[in-house]
Amino acid sequence: MQVFSRRFVLGLKLCALAIALAIFIALLAWRIMIKPHPAVGAPVEQVVAFSHKHHVGDDGFDCRYCHTSVETSAFAGIPPTHTCMTCHSQLFTDQPMLAPVIDSLRSGKPIHWKRIHDLPDFVYFNHSIHIAKGVGCEECHGRVDLMPLTWRVAPLTMQWCLACHRDPAMHLRPVEHVFDMGWKPTEDQRELGTKLVAAYHIHTSTLTDCSTCHR
Ligand code: HEC
Ligand code: HEC
Ligand code: HEC
Ligand code: HEC
Ligand code: HEC
């Protein structure tokens, strides 16, 4: 004898299927929203083997030559092909390594650089405020001047952001040194940092509010 009617059992099965499908779609959306960054310390291969070690470490080019908007906007900026060509229309033009750069210039299609840092969209981050308040590039990106291919040094987790926002003094330098690599304080970092927190009017009281980074 059947306890439940056939129709009821079928309805139940369809319900279970719909729930499983909904969970699957939600998980998929979650994965797409939180794109994993390349691993910490893993050099990222690009279509052009661009070397910060050569351009910054050996030749001493300033970050702002290529990352033009880092001081003025949320986004640091990735250089367009014509920035490379200001030098490479003369230099190494026949090198196979540079072929994708020349192709990009001819076709007008930008070079596809894989992103190394990419926060989920629900996090608000802004370069310009950090630069203006004496947080050096090195503090978050490490010794870029020693990287033949670029890699990530910071975990980029919420805990990592918060650790500095709770107590920024240990991470600050005078603003004229934010672009320097390998900078070392000449006095005790705690004393210097405390002075800079005051001088730059850094308001630690609201820096850990959820709405600072999730707006
Ligand atoms: C001559 C141009 C040039 C200069 C100068 C330069 N960069 Fe870059 N940078 C690039 C290019 C091209 C990329 C994309 C390829 C890559 O990731 O290596 C890049 C990528 C990066 C990234 C990774 C971006 C991502 O995808 O998350 C960081 C961080 C970075 N640069 C920091 C710096 C810092 C700090 C300086 C100064 C010390 C600097 N760069 C100087 C051209 C430059
Ligand atoms: C301000 C001038 C300048 C700009 C801008 C510039 N380069 Fe270079 N590039 C150089 C010099 C100088 C060298 C030789 C570096 C060395 O060997 O020390 C070089 C070398 C290279 C090489 C050969 C391999 C190596 O690293 O030695 C590649 C590839 C390259 N650059 C790619 C790029 C790309 C891609 C861009 C744009 C994002 C770019 N460069 C922008 C000056 C520049
Ligand atoms: C407080 C930490 C911090 C400092 C200081 C910092 N960055 Fe970044 N940088 C980040 C984070 C976080 C991202 C990823 C941003 C995103 O995904 O929205 C990033 C991304 C980048 C990118 C990729 C393009 C972009 O804007 O997303 C470049 C290039 C870059 N940084 C260069 C620099 C340079 C040059 C400096 C110094 C002038 C610097 N950064 C200082 C944390 C920092
Ligand atoms: C090494 C230290 C350091 C790290 C790491 C850091 N920050 Fe900051 N952040 C600061 C300082 C210093 C300020 C300036 C605060 C001020 O002006 O009062 C700031 C300011 C900000 C502001 C602007 C706050 C405002 O009131 O307008 C935002 C947004 C922000 N940070 C987001 C982030 C996020 C997101 C991360 C992690 C991905 C991060 N920060 C990592 C030091 C840091
Ligand atoms: C200084 C910046 C900052 C502040 C302040 C901040 N968050 Fe976040 N939050 C982040 C970043 C960065 C991520 C992304 C972490 C990742 O991708 O691993 C994140 C992720 C999250 C997530 C997603 C789940 C996770 O842990 O990855 C939740 C939920 C969240 N934050 C809630 C909050 C709440 C609630 C507050 C206030 C108590 C807060 N956040 C304050 C930077 C911040």
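Two residues are in contact here if their C-beta atoms, placed from the backbone, lie within 7 Å. The legends below describe a predicted model.

View 1. Leaving aside residues up to four places away in sequence, Pro 38 touches Val 44, Ile 116 and Arg 152. Pro 38 is classed as partly exposed because 17 other C-beta atoms lie within 10 Å. His 201 is 163 residues from Pro 38 along the chain, and the C-alpha atoms of these two residues are separated by 35 Å.

**View 2. The shell around ligand 1.** Ligand 1 has 23 residues around it, of which Cys 63, Cys 66, Ile 116, His 117 and Thr 150 come nearest. Helix H2 (52-58), helix H3 (63-66) and helix H7 (137-141) are the elements that each give two or more residues to this shell. By residue class, the shell around ligand 1 holds 14 nonpolar, seven polar and two charged residues.

**View 3. The shell around ligand 4.** Ligand 4 is surrounded by 22 residues, and Cys 161, Cys 164, Pro 168, His 171 and Ile 202 are the closest. Two or more residues come from each of helix H6 (127-132), H7, helix H8 (158-166) and helix H10 (210-213). The most come from H8, which gives three residues to the shell around ligand 4. This shell divides into 14 nonpolar, six polar and two charged residues.

Technical notes:
Residues numbered from 1 in each chain as written. Chains lettered and ligands numbered in written order. Predicted model: local features only at pLDDT ≥ 70, side-chain atom pairs only at ≥ 80, totals over all residues. Near = placed C-beta within 6 Å. Helix = DSSP H or I, 4+ residues; strand = E, 2+ residues; numbered from the N terminus. Nonpolar A, V, L, I, M, F, W, Y, C, P; charged D, E, K, R; others polar. Buried ≥ 20, exposed ≤ 12 C-beta atoms within 10 Å, placed from the backbone.
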